[in-house]
Amino acid sequence: MLKLITPPLRVNAKQVADPKEIIQEALDIQSMIMEGTVFHPGSKHNDCYAVAQPQVSTYPLRYFVLNPSNKLKAIRKEFGGDIIVNPKILLKNKLTKMTSKEGCLSWPFRFLKSIKRYEEIEVNYVIIDNKGRIKEVAQKSLKGLPAIIFQHELDHLNGKTIWDKK
């Protein structure tokens, strides 16, 4: 059974060779988010935008799952689906560097931290929707909150958390 690992693993996640092989696990992570079982009792964070697979597995793979909540429907639409596989940043618009206040489920009892992020990035990834359909996203521009979410979750896939950033 999957559960939130605290403190988190700090290792680089492995590429997903075949997205079909992770569909059930990813849907299980999505269920954990909806049921609230991903949140630590007494945590300062009882909601999230996404969960990176290494946050809940000792065999880390390069994907993250967006929160399926209806209130985040616009964010999932911006990404094109629910499960982001093998994400990469192709280009960062250096003119859009800004500070965001972020929390992290991996550190359930810590407050928000100010983090420098890019507000506009060009990315690519494979997407899986909540019905398990797979499609390739060749290149996509993300701006604002989706760009921040992407960078935060990518940090987890690279073995980092907000507490490793200056």
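Me: What is a salt bridge, and how many does a search of the whole structure find?
Reply: A salt bridge is a side-chain nitrogen of Lys or Arg within 4 Å of a carboxyl oxygen of Asp or Glu. This is a predicted model, in which local features need pLDDT of at least 70, side-chain atom pairs count only at pLDDT 80 or more, and totals for chains, interfaces and linings use all residues. Residues are numbered from 1 along each chain as its sequence is written, and side-chain values use heavy atoms, with hydrogens and water left out. Searching the whole structure gives a count of seven.

Me: Which residue does Lys-165 meet in a salt bridge?
Reply: Lys-165 is partly exposed at a relative accessible area of 26%, where buried means under 20%, exposed over 50% and partly exposed in between (1.4 Å probe, protein chains only). Its partner, at 3.5 Å from N to O, counts as buried at 11% relative accessibility. That partner is Asp-155.

Me: Which residues do salt bridges that share partners join into one network?
Reply: Asp-155 also forms a salt bridge with Arg-117, their closest N and O atoms being 2.8 Å apart. Arg-117 is buried, with a relative accessible area of 2%. The network joins Glu-102, Arg-117, Asp-155 and Lys-165.

Me: Is Lys-71, which meets Asp-47 in a salt bridge, buried or exposed?
Reply: The side chains of Lys-71 and Asp-47 meet at 2.4 Å, N to O. Asp-47 is partly exposed, its relative accessible area being 34%. Lys-71, by contrast, has 59% relative accessibility and therefore counts as exposed.
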